[in-house]
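Biologist: I have a few questions about this one. Let me get it on screen first.

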Amino acid sequence: MSQYTPHTQTETRDMLAALGLASADELFADVPQSVRLPKEALTHAGLTQMETLQAIESLAAQNKQYTLTLRGAGCYDHFIPPIVPQLANKKEFLSAYTPYQAELSQGILQSIFEYQTLICELTGMDVSNAGVYDFATAAAESAVMCRDRKRTVALVSATAHPDALAVMQTYGFGTGTEVRVVPCKNGHTDLDALQTMLTDDAASLYIQQPNYFGMLEDVPALFGAAKAAGVKCILGANPMTLALLPDGKTLGADIVCGDMQPFGLPMAFGGPHAGFMTCTQALMRRLPGRIVGQTADAQGRRAFVLTLQAREQHIRREKAASNICTNHAHSTLTASIYLTYMGLRGITAVAESCVSKAHYFADALCKTDGVSLRYRGEFFHEFVTDLPDPAAVEAALDTQGILSGLPVEGGMLWCVTEKASKAQLDSAVKLVGEVCAHV
Amino acid sequence: METKSGLFYAKSHEWVQFLDDTTALVGISDHAQHELGDLVFVNLPEAGDVLTAGEMFADVESVKAVSDVYAPVSGTVAEINETLLDEPETINQSAYDAWFVKVENITERGELMDEDEYIAYCETL
């Protein structure tokens, strides 16, 4: 393959001459040998295009491809209509880097504006930023938004995704925000325990809906208690579920955040995702990252600008509430294309299919001896079952090209999406039954 | 630049109008609003907050910058001017009417100038 040549031999010679050096070795004389790349690595003859492709294909062939994925836990296997990558991979989108001269890049600003509009319609909130990295970053940034001089504690339910909790704790370390975990009771946030934790220094309450175990939380009761104590309410939502469940505005959320991955983004070893953050107008100036606004140019034409810039670190400097300044713009764009193609009717159909198939699978699984739902209550498309020998179940399904639920202590966290067929689910149930019969 | 007699001024361009020995209104000077440009947002403390002379207690946002506002006296916030939250432009229009907070139980005054001293100070800037 052709070599990437940052500068020609003549340029290299001229630069060395200007420095009064005879060779590049002299230039790097102060760099210890132990940290240098071996010479052979630099003089590798390289591969032809054909050899490169073959090498990469043989690596790709080592990936395990599952015909059915019954695992979610923060990353979901939804169908991606081919039009989504087809449009998202247009070279104008793939080559567009972050717009430093933002207003010159009207195209990317418009794509962000369209995304903000879509996610605000879905969450029912007033304002959205351009997105952040993933649900965990979004949760942590949301908790920081709510912190003020008097209220410095972020309350997080133990039913939230462990990654969200971990990133919140990392952010908390830096901003002096103490993270307190509200205990879990029977797979749900413990409302009675929460009541005792709503102290004068509590700034925010983060509730994930559906929660990590797939269960639907009693959000109105939890948020009602928090609001009465002057604590801001953060809803961590799987956006696909918002097609069926009440939106953030209806629930009285101050912030709704989460992950766009279910919208047209592949599971791909867990990334890249795209986090979303939306809030009420009252909190707009606390929202981190970029916000694109719509305006008119000097000739009255529709135009887009970065707005509310004074919040951001390049202007507000050390007093900025956040130092986040980038996002997963291409993932966000992909999610926007998915949403635009599917429409509310499309994602409602996906959500209904997920709920229906997950409940069918749960019912069928629980007819097996030794398998039962761990928690009572409503769930969306994930649920935990108690199960003998989760490792054996995982291994048995794996041999048949099925990725099992996530093994948890004494059980499994299952997820069923619209991609599973009845026949596939029936065969998975049969396999689980066979394993359980032998335990 | 407009100033107003009877008010006291801090080097950081806040004004203080003493209503009695321990109560005062606090705002930012006409010079300050002029330097900041069109204000779009004001972040005020809450009633009951304790102010310490010389420490920031509020911030103002113009189109291009955010600036801290420092307490010219130590005391307790009795009241905030909620009008400013919806109409920050009133600070640009009439800086000496647009008080930020009413402070009570004043225990300490920072280094303050009278009108003539403040005019002389601004001329040195």
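Biologist: Is the crossing of α7(A) and α14(A) left-handed or right-handed?

Modeller: Left-handed: that is how α7(A) passes α14(A). The near helix is then turned anticlockwise from the far one by less than a right angle, and clockwise would be right-handed. This is a predicted model, where local features need pLDDT of at least 70 and side-chain atom pairs count only at pLDDT 80 or more, while totals for chains, interfaces and linings use all residues. Residues are numbered from 1 along each chain as its sequence is written, chains are lettered from A, and ligands are numbered from 1, in the order in which they are written.

Biologist: And at what angle do those two pack?

Modeller: About 60°, with the axes 9 Å apart. Here α7(A) covers residues 106–123 of chain A; helices (H or I, at least four residues) and strands (E, at least two) are DSSP runs numbered from the N terminus. Axes are lines fitted to C-alpha atoms, for helices over the stretch in contact, and angles run from 0 to 180 degrees between N-to-C directions. That angle makes α7(A) oblique to α14(A): under 35 degrees is roughly parallel, over 145 roughly antiparallel, 65 to 115 roughly perpendicular, and the rest oblique.

Biologist: Which residues of α7(A) meet α14(A)?

Modeller: A:S111, A:E114, A:Y115 and A:L118 do, against A:T332, A:L333, A:S336 and A:L339 of α14(A). Contact means C-beta atoms, placed from the backbone, within 7 Å. By class, this contact has four nonpolar, three polar and one charged residues (Ala, Val, Leu, Ile, Met, Phe, Trp, Tyr, Cys and Pro are nonpolar, Asp, Glu, Lys and Arg charged, the others, Gly among them, polar).

Biologist: Where does α14(A) bend?

Modeller: At A:G343, by about 95°, taken between axes fitted to the seven residues ending there and the seven starting there.

Biologist: What does α15(A) do against α16(A)?

Modeller: α15(A), residues 390–399, packs on α16(A) at about 135°, axes 9 Å apart. The pair is therefore oblique. A:A392, A:V393, A:A396 and A:L397 meet A:A428, A:L431, A:V432 and A:V435, and the eight residues of this contact are nonpolar, with no polar and no charged.

Biologist: Changing topic: which residues does a cis peptide bond join?

Modeller: A:Q209 and A:P210, with omega about -10°. A:P210 sits in the loop between β7 (202–209) and α11 (219–228) of chain A. Separately, A:A73 has a positive phi near 55° though not a glycine, in the loop between β1 (68–69) and α5 (83–88) of chain A.

Biologist: Last one: how many residues of chain B contact chain A?

Modeller: Five, against five of chain A. On the chain B side, three are nonpolar, none polar and two charged.

Methods
Two residues are in contact if their C-beta atoms, placed from the backbone, lie within 7 Å.
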